[in-house]
Amino acid sequence: MSPPSVSTTANTSAQQIIIEQHGNEQQMLLRPTTINAPAAGEVLLRQTAIGLNFIDTYHRSGLYPLSLPSGLGLEACGVVEAVGDGVSEFLVGDRVAYAGGAVGAYTTHRIMPEAKLVLVPEHIPDDMAAATLLRGMTAQYLLKQTFPVTAGQTILVHAAAGGVGQILCQWAQSLGVTVIGTAGGAAKVAQAQAWCDHVLDYSGEAWVAQVRELTQGQGVPVVHDGVGAATFLPSLDCLSPRGLMVSFGNASGAVDAFNLGVLASKGSLFVTRPTLAHYTASRAALLACANDYWQALLQGRVRPVIGQRYALADVAQAHRDLAQRKTSGATVLIP
């Protein structure tokens with residue numbers, strides 16, 4: 001039996017992180033706000049955990065400009081406290097999560113469209129759901145939609161010690177794929193060895209030759225690159241003919257424009273810059289992607305590590321640590 005319904009007419013007090021201008025971590029301000037009752041098709045959440053992602057720093061800095069003033073954050077887990085008219089998929093008391101859509105997850109309470117929410121299975125903790133759903137769905141579309149992998153293949157994954165990297169590599173291995181991972185520095189290389197067949201240090205210059213050596217000179221059919229400028233062009237030399245370069249993030253900065261003729265000279269290569277939004281644009285696609293990730297978690301195909309937890313009020317420090325590569329695995333903010 002579901003918990004008793006909660007009135008949809010009362011407003012709710014909340015604490016929210018906002019920015020009034022783009023810039024450094026000090027632009028993030030914790031402010032009291034009032035959340036209106038959910039309208040038709042909407043759900044009021046009391047958020048229990050919030051995921052921190054590198055894209056949040058892009059929104060804050062202005063690399064991906066927002067209309068100001070603005071909230072920040074793209075994913076969270078919470079409990080349904082009230083529902084608007086016409087909501088049919090969720091009941092008061094349900095645990096739900098979301099990843100993507102409009103920014104604004106850095107808050108204690110939030111109104112969300114029913115269509116953007118997914119139920120969280122019983123045995124998945126709130127912090128795991130909040131900290132990894134976006135990364136897990138990213139790994140899902142990369143491995144099963146952008147370039148559907150098959151057992152016996154070898155792939156290259158940059159930033160293998162990061163939040164997406166650890167899920168992507170573990171999941172790929174569970175599908176019978178050999179994973180060559182890269183990481184920056186000895187500590188992260190050592191960490192990524194737990195879920196990669198081979199780990200290379202991309203902070204040096206030898207990793208391209210090492211990829212070629214590990215693949216007997218053939219290269220890999222796909223490179224998954226969330227690092228960006230520092231690894232993009234060298235990665236093209238790791239691909240086999242007609243291989244696919246998947247640039248899904250810019251942790252080291254945006255990729256500069258380049259001559260398309262390079263793709264022909266290096267083997268008729270392909271390049272794509274995907275985003276999760278385009279792979280979860282329909283309700284059916286969102287549910288399929290999220291549920292596939294939940295099953296991978298429940299089956300033990302992936303065992304993400306939550307490396308850091310910060311109070312919501314300490315979000316500036318969380319952003320600093322993330323930008324300075326001091327974090328490992330996933331990071332969660334606790335409202």
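This is a predicted model: local features need pLDDT of at least 70, side-chain atom pairs count only at pLDDT 80 or more; totals for chains, interfaces and linings use all residues.
# Sheets, helix contacts and pockets

Reader: How many bridges join E1 to E2?
Author: Strand E1 covers residues 12–19 and runs antiparallel to E2. One place to look is Ser13, which stands opposite Thr34 in E2. The number of bridges joining E1 to E2 is eight.

Reader: And what about the open sheet of six strands, which of them stand at the edges?
Author: The pairing here is parallel, and the order is E11-E10-E9-E12-E13-E14. Neighbouring strands of this sheet are turned against each other by 20 degrees on average, ignoring direction. A strand at the edge has a single partner strand, so one side of it is left without a neighbour in the sheet; that applies to E11 (198–201) and E14 (270–272).

Reader: Which residue in E10 is the bridge partner of Leu156?
Author: Start with the strands: E9 spans residues 154–157, E10 spans residues 178–183, and they run parallel. Four bridges join E9 to E10. For Leu156, the partner in E10 is Ile180.

Reader: Which strands does H3 touch where it packs on the sheet?
Author: The direction of H3 makes about 175 degrees with that of E9. As H3 packs on the sheet, the strands it touches are E9, E10 and E12 (220–225).

Reader: At what angle to E11 does H5 run?
Author: H5 is made of residues 207–214. This helix lies across E9, E10, E11, E12 and E13 (239–247). Its angle to E11 is about 160 degrees.

Reader: Where is the cis peptide bond that has omega near -5 degrees?
Author: Look in the loop between H1 and strand E4 (70–71), which is the place of Pro69. The cis peptide bond runs from Leu68 to Pro69.

Reader: How are H2 and H9 oriented, roughly parallel or roughly perpendicular?
Author: Their axes come within 9 Å and cross at roughly 110 degrees. Angles from 65 to 115 degrees count as roughly perpendicular. H2 and H9 are therefore roughly perpendicular to each other.

Reader: What residues of H9 meet H2, and how does the contact divide by class?
Author: On the H2 side you'll find Met128, Ala129, Thr132, Leu133, Gly136, Met137, Gln140 and Lys144. They meet Leu286, Cys289, Ala290, Asp292, Tyr293, Trp294 and Leu297 in H9. By class, the residues of this contact are ten nonpolar, three polar and two charged.

Reader: How do H1 and H10 lie, roughly parallel or roughly perpendicular?
Author: H10 is residues 315–323, and its axis is 10 Å apart from that of H1. The two helices pack at an angle of about 110 degrees. That makes H1 and H10 roughly perpendicular.

Reader: Which residues of H10 make the contact with H1?
Author: H1 brings Phe54, Asp56, Thr57 and Arg60. By class, the contact has three nonpolar, two polar and two charged residues. On the H10 side are His319, Leu322 and Ala323.

Reader: What volume does the largest pocket have?
Author: Its lining counts 50 residues, with Phe54, Ile55, Leu134, Val164 and Phe248 nearest the centre. H1 (54–61), H2 (126–146), H3 (163–174), H8 (276–279) and H9 (283–298) each supply at least two lining residues. By class, the lining divides into 25 nonpolar, 19 polar and six charged residues. The volume of the largest pocket is about 1,200 Å³.

Reader: Which strand gives the most to the lining of the second largest pocket?
Author: This pocket holds about 180 Å³ of space. Its lining has 13 residues, and Ala102, Val103, Arg110, Ile111 and Met112 lie nearest its centre. Sorted by class, the lining comes to six nonpolar, five polar and two charged residues. With five residues, the strand that gives the most is E7 (residues 109–113).

Note on methods
Residues are numbered from 1 along each chain as its sequence is written. Side-chain values use heavy atoms; hydrogens and water are left out. On a 1 Å grid over the protein atoms alone, a cavity is a set of points where a 1.4 Å probe fits but cannot get out, and a pocket is an open set with protein on both sides within 12 Å along at least five of seven lines; lining residues have an atom within 4 Å of a point. Grid points are joined across faces, edges and corners, and a volume is the space filled by probe spheres set on the points. Ala, Val, Leu, Ile, Met, Phe, Trp, Tyr, Cys and Pro count as nonpolar, Asp, Glu, Lys and Arg as charged, and the others, Gly among them, as polar. Axes are lines fitted to C-alpha atoms, for helices over the stretch in contact, and angles run from 0 to 180 degrees between N-to-C directions. Angles under 35 degrees count as roughly parallel, over 145 as roughly antiparallel, 65 to 115 as roughly perpendicular and the rest as oblique. Contact means heavy atoms within 4.5 Å. Two strands pair if DSSP finds at least two bridges between them.
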